[in-house]
Every structure is written in structure tokens, then in C-alpha cells.
Amino acid sequence: MQITLRIVVPPLMALVILLCSLSAVADEWVQQDRQFNDQYRSGQYAEAKRSAEQALATAQRSPASNAAKARQVTSLNALALVNRAEGDDDAAAEALLKRALVIAIGIFPANHPNIVAIQKNLVALESDQQQQAVADILAQAQSLNEQALAYHARAEYQQAAEYYQQALPLIEKHIGSDSIEAARIMSGLADTYAGRKQFADAEALYQKVLAIYKPRADAMEAQGKILNEMGVIQYLQRNFEQAEPLFERALVALEAALGPHHPDLLPTLDNLVTLHRRAGSHSRNSARAEELRWWACELRKSLKSSQH
């Protein structure tokens, strides 16, 4: 079974550019700050970073005053902004913002827009860091899943199960235990149990997967495939009466999702044909058995003609 994780990470929040209420002073800092803004807006981040560093150095050389400190706040925030835009270490941007906040608190009222802006930037940066941490964990889960798939394809079920078991808690914690991604991992793990004839464990997992898929109108095909696997488990244990309704339910779901002429119906049709053939003359519904055989035959004819 091909299992593809859909890794979903929310978009990052942009940092807010601080606009300090400064006197219109035509000095070196003003020119450097304007240059930074022009470069930043045009995506020239390396040049913008140099301009922000020069502006900060200029502000720090200025005689001590609230206006000079306000300029430092603006330049520190600008440096944090461009560091984040360049994808630099978030810790550096965070340190710059914290320095700016300490200075701002000393010169502005508590509800001043500059203080509010820096606080928002820190929250945005923290959110970004959390999202990146989740993205890293999900990338790890994806890697584990891919390794599981490789073992699974070679019928090395024990090794595949170990990787599925490592990936599953990561997916459950960060995407959700009732997510489609978790269902796919569980389905793969259940397949490995079935492959090792651990039928009770496989059935329990398939039931969990089915419970996730049932409320989802867009998961009808997945429901059908799980029901088919559950029928196979019953068939392998010679529980033929339990297998038949599962195969029939699988066929209904697959037909609803794919239409009556799709080749993916063939495995379930074949399972039902085999089941009726085993019953032979004792089949309770010989008309149904003939209908299934005809359906499978027509699908094969259609599939064969489409390949030529």
C-alpha cells in the first residue's frame, strides 16, 4: 500500500517594521534608515542588513538622548527583520528584538505603538520557531514512513512495522490521532500485522482506520480498501461468512468512489468470486456469483483493450 504523508504547516507571520515617532532630523542615521527601507522592500536583504548595521552604529554614536535611543530601537528591529528575511538563526533575531524592547520600555509609555510592535514581532518569531520545530518533526516522520514503505515493498514486515511505530506517535501528536495521515500510517502498520498473520492486531487497527475514514465523504475509496483488507483477514482465517459482507461493503464503497468500470474494483471482485466459487453449489446466491464473475470479466476486457 502506498502511503503518502501530507505534511501541513501554517504560513509564517511577517515581522512588523517599527516606525518611530522621530523629529525630522536630516542626519546620517535618517539617510541610512531610509536606505535600509528601500533595500528591504525591494528584497535586497544583504544590502539592507549592511544599511541597518550602519544605522545602528550611527545611533549608538549619537549623544545620549531619548531620540538617539529611539533610533537604536528602530535599527535593532530593522536588523531583526532582515535577519529573519534572510533565514538566519532565529535566536539572533530574538536577541535583537529583546534588546530593542528593553530600550523601548525605558523611553516610551507602556502602550506606545513601538513597544506593541516589538512585542508582536517577538510573538510572531516564537510562532515561527514553533512551526519550524513541527515541520522538522514531520519531516522526520516522513523519512520514517519512507523507510517503512521500502521494507513493506520487500515484504520485510517486522522492519516496516518498527518504522511505522516510530512515525505514528509523531503524526498523532502534531497532526492529530484522527487525521488522514495517522490513518495511512495505521493502515500500513495493520498490513504488516496481517502479513505476519497477527490477525487480531491487524483487525483492531483496521477498525480504528475505518472509524477515521467513515465521517469523511472524500475517503470512500480508502474505506473500500480497508474493508477489503478486513475481508481478506476473515477469509484467511476461514471465516467465510464474516468475509463476504466485508467484501460486499468494500465493493459498494469502491464503486461509489470510482464508478463501476474502474480497474481498482478488480481485487475486491476477485475476492468475492473466489468466495462464491469456494461455496460452489452451496452458494446462497448463485445469481450474485454469476453477476460478479461477469463484472470482473468485463473489467478485464476493458483494461486489456485500453492497453493496446
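The model is predicted, and its pLDDT averages 85 over the protein, with 89% of the residues scoring at least 70. Across the whole structure, a search finds 10 salt bridges, and a few of them are described below.

**Confidence**

- Please take some care with residues 1-26, where pLDDT stays under 50.
- For that stretch, residues 1-26, the model has 61 contacts beyond four places in sequence.

- The buried residues of H12 are Arg 288, Ala 289, Leu 292, Trp 295, Ala 296 and Leu 299.
- Looking down the axis of H12, you will find these buried residues within an arc of 125°, so they line one face of the helix.
- An α-helix has 3.6 residues a turn, so residues three or four places apart point the same way.

- Arg 288 and Glu 291 form a salt bridge, with their closest N and O atoms 3.0 Å apart.
- Both Arg 288 and Glu 291 belong to helix H12, where they sit three residues apart, about one turn of the helix.
- Arg 288 has a relative accessibility of 18% and therefore counts as buried, whereas Glu 291, at 39%, counts as partly exposed.
- Through salt bridges that share partners, Glu 248, Arg 288 and Glu 291 are joined into one network.

**Two further salt bridges**

- Side chains of opposite charge can pair when their charged atoms come close.
- Lys 49 pairs with Glu 86 in a salt bridge whose closest N and O atoms are 3.9 Å apart.
- Since Lys 49 lies in helix H2 (residues 45-61) and Glu 86 in the loop between H3 and helix H4 (90-107), the pair ties together parts that are 37 residues apart in sequence.
- Lys 49 counts as partly exposed at 22% relative accessibility, and Glu 86 is partly exposed with a relative accessible area of 34%.
- Another salt bridge links Glu 156 with Arg 154, the closest N and O atoms being 2.9 Å apart.
- Glu 156 is partly exposed at 26% relative accessibility, and Arg 154 is partly exposed at 49%.

**Ser 75, a buried residue in H3**

- You can find Ser 75 in helix H3, which spans residues 66-85.
- With a relative accessibility of 1%, Ser 75 falls under the 20% cut-off and therefore counts as buried.
- Leaving aside residues up to four places away in sequence, Ser 75 touches Trp 29, Ala 52, Ala 55 and Leu 56.
- Ser 75 and Ser 51 are 24 residues apart along the chain, and their C-alpha atoms are separated by 9.3 Å.

Notes: Residues numbered from 1 in each chain as written. Predicted model: local features only at pLDDT ≥ 70, side-chain atom pairs only at ≥ 80, totals over all residues. Heavy atoms only, no water. Buried < 20%, exposed > 50% of the residue type's maximum accessible area, 1.4 Å probe, protein only. Helix = DSSP H or I, 4+ residues; strand = E, 2+ residues; numbered from the N terminus. Arc of directions from axis to C-beta. Contact = heavy atoms within 4.5 Å. Salt bridge = Lys/Arg side-chain N within 4 Å of Asp/Glu carboxyl O. pLDDT = per-residue confidence, 0-100.
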